[in-house]
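Welcome! Please keep the viewer open as you read.

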Amino acid sequence: MRKTTVVAAAVASAALLAGAAVSAPIAFAGAGTPPAALALARQALPAGDGWASDTTGTTGGALADADHVFTVRTRDELAAAVAGDTPKIVFVSGGIDANAGHTCADYADPAYSLDAFLAAYDPAVWGRATKPTGPLEDARARSAKNQGARVNIKVGGNTTIVGLGGSKITGANLLVEKVDNVILRNLRLEDAHDCFPSWDPTDGALGNWNSLYDTVTVTGSTHVWADHNNFSDGNNTDETQPLYFGRPYQVHDGALDVIRASDLVTISWNNFFDHDKTMLIGSSNTVGADVGKLRVTIHHNRFANVGQRVPRVRFGQVDVYSNYFYATDEDSYSYSWGVGVYASLYAENNFLLRSADIPLSSVVYDWRGTAPGTITEVGTATRIGTGPVSAVSLVDEYNAGHDPDLTAGTWVPTLRAAAPDPATAVPALVSAKAGAGKLGF
């Protein structure tokens, strides 16, 4: 069977499973693909560039043969092209909306309505001691499953995905699950929104709405490199959502989460902005499979007006260096570096631009409970607006107002392609080079 027929069949199968119309076969990348994009898609992660370079390194689809180089323009083409573990290169062209042709109402189970859900589980009626159960909660879960079948796009191993100029993926959760060797570059990723957030009255003192989808989820996977991408909520930010039960109806989860014993990940030169729960590393406090895993390098990224989890770390050895943190929206800001159970976080030569209303003592947060966890900080610089630049220890600022103190660890990162740039050079350098559209095509 010819390759075009095989791919067309895969597209048809994916479309039928998602309840969508069958789109045209995937087009092969050819003369219309910029030479710079073709060359970049064959690149592997450089040696020594963070944890993803460890052991076998990260090559993605660099070894793909000509029959496994695709250009995709629709959700169904994307889902078919990235499936399986055969080495492959996938170029994203134009705008791909994972929800195209579908609204939240289309996903809703016949037994579900938000008004009925709010009436049934109002804390004044249901209380705050237990999570919702019963027919309406079951209908909400079925509705969420319907949406998940459409927006969760599973990325196979040995894959490189590259965004072409002007391309964008909206509404999708790229799910890198239980695979090895994936590269994501030059992608614009927006608004992986959940139509049916769950309500948990036991989450915190007042309860919280929790959504299901990240823009990218790395779960149970190894050797992943995310480089020169944009992550945001687009025009659908959580701060524009209504309040229900007095709590924000949050429709987004993580921007890029690394969870469930994932390991050997490098996150470099990305642009994260206008998002709340940005980067969770480790999703459980339970001692188990995560021990010795969750090793992640985060360098030369721009985090602009994101609310929290930049990153929040459990268990892993996480190297955070030469990043630009831009926090000027005090209404949406919570904290940046979260030190969780058994975390070993090393932060070097980072720069923080902040509003005067954001105290330095709020940038670090202690999530450890009674479990050990450490943070080592070297060479941080900060400024308020256009004011003078000054050296600062954010850990010392936290410790001055909180007990118990956070303490430094013994682990020192070695997997760095070059020495960290001076913190004072980071804002200009990262602003000029981070994010999609900065790779020459």
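This is a predicted model: local features need pLDDT of at least 70, side-chain atom pairs count only at pLDDT 80 or more; totals for chains, interfaces and linings use all residues.

## A helix and what follows it

Which residues of α9 (residues 426-433) are buried? They are V426, P427 and V430. Seen down the axis of α9, its buried residues fall within an arc of 95°, so they line one face of the helix. On the face of α9 turned away from its buried side you will find the exposed residues A428 and A432. The cover over the buried residues of α9 includes the strands β23 (302-308), β26 (324-327) and β29 (351-354).

## A span named in a record

UniProt, in an unreviewed entry, lists residues 65-358 as "domain: Pectate lyase". In this model the end C-alpha atoms of that span lie 52 Å apart. Its make-up is 14% helix and 38% strand.

## Rings that pair up

Now look for the aromatic side chains: the count comes to 23 aromatic pairs. In one of them, the rings of W51 and W411 have their centres 6.3 Å apart and their planes at 20°, so the pair is stacked. W51 lies in the loop between α2 (35-41) and β2 (69-72), while W411 lies in the loop between α8 (394-401) and α9, so the pair ties together parts that are 360 residues apart in sequence. W51 is buried, with a relative accessible area of 10%, and W411 is buried too, at 14%.

Another pair is Y335 with Y365: the ring centres are 5.5 Å apart and the planes are at 35°, so this pair is tilted. It links distant parts of the chain, with Y335 in the loop between β26 and β27 (337-339) and Y365 in strand β30 (residues 364-366), 30 residues apart. Is Y335 buried or exposed? Y335 is buried, with a relative accessible area of 1%, whereas Y365 is partly exposed, at 38%.

## A cluster, and charges over rings

Ring pairs also link a cluster made of Y112, F117, Y121, W126, F196, W199, W209, Y244, F245 and Y249.

Finally, look for arginines beside rings. R302 lies over the face of Y326, at 5.5 Å from the ring centre. The charged end of R312 sits over the ring of W367, 3.7 Å from its centre.

Technical notes:
Residues are numbered from 1 along each chain as its sequence is written. Side-chain values use heavy atoms; hydrogens and water are left out. Buried means under 20% relative accessible area, exposed over 50%, partly exposed in between (1.4 Å probe, protein chains only). Helices (H or I, at least four residues) and strands (E, at least two) are DSSP runs, numbered from the N terminus. The arc is that of the directions from the helix axis to the C-beta atoms. Contact means heavy atoms within 4.5 Å. UniProt positions are given in the numbering used here, feature names are shortened, and annotations may be inferred rather than shown by experiment. Rings of Phe, Tyr and Trp (its six-membered ring) pair if their centres lie within 6.5 Å; planes under 30 degrees apart count as stacked, over 60 as edge-to-face and the rest as tilted. A charge sits over a ring if NZ of Lys or CZ of Arg is within 6 Å of the ring centre and within 35 degrees of the ring normal.
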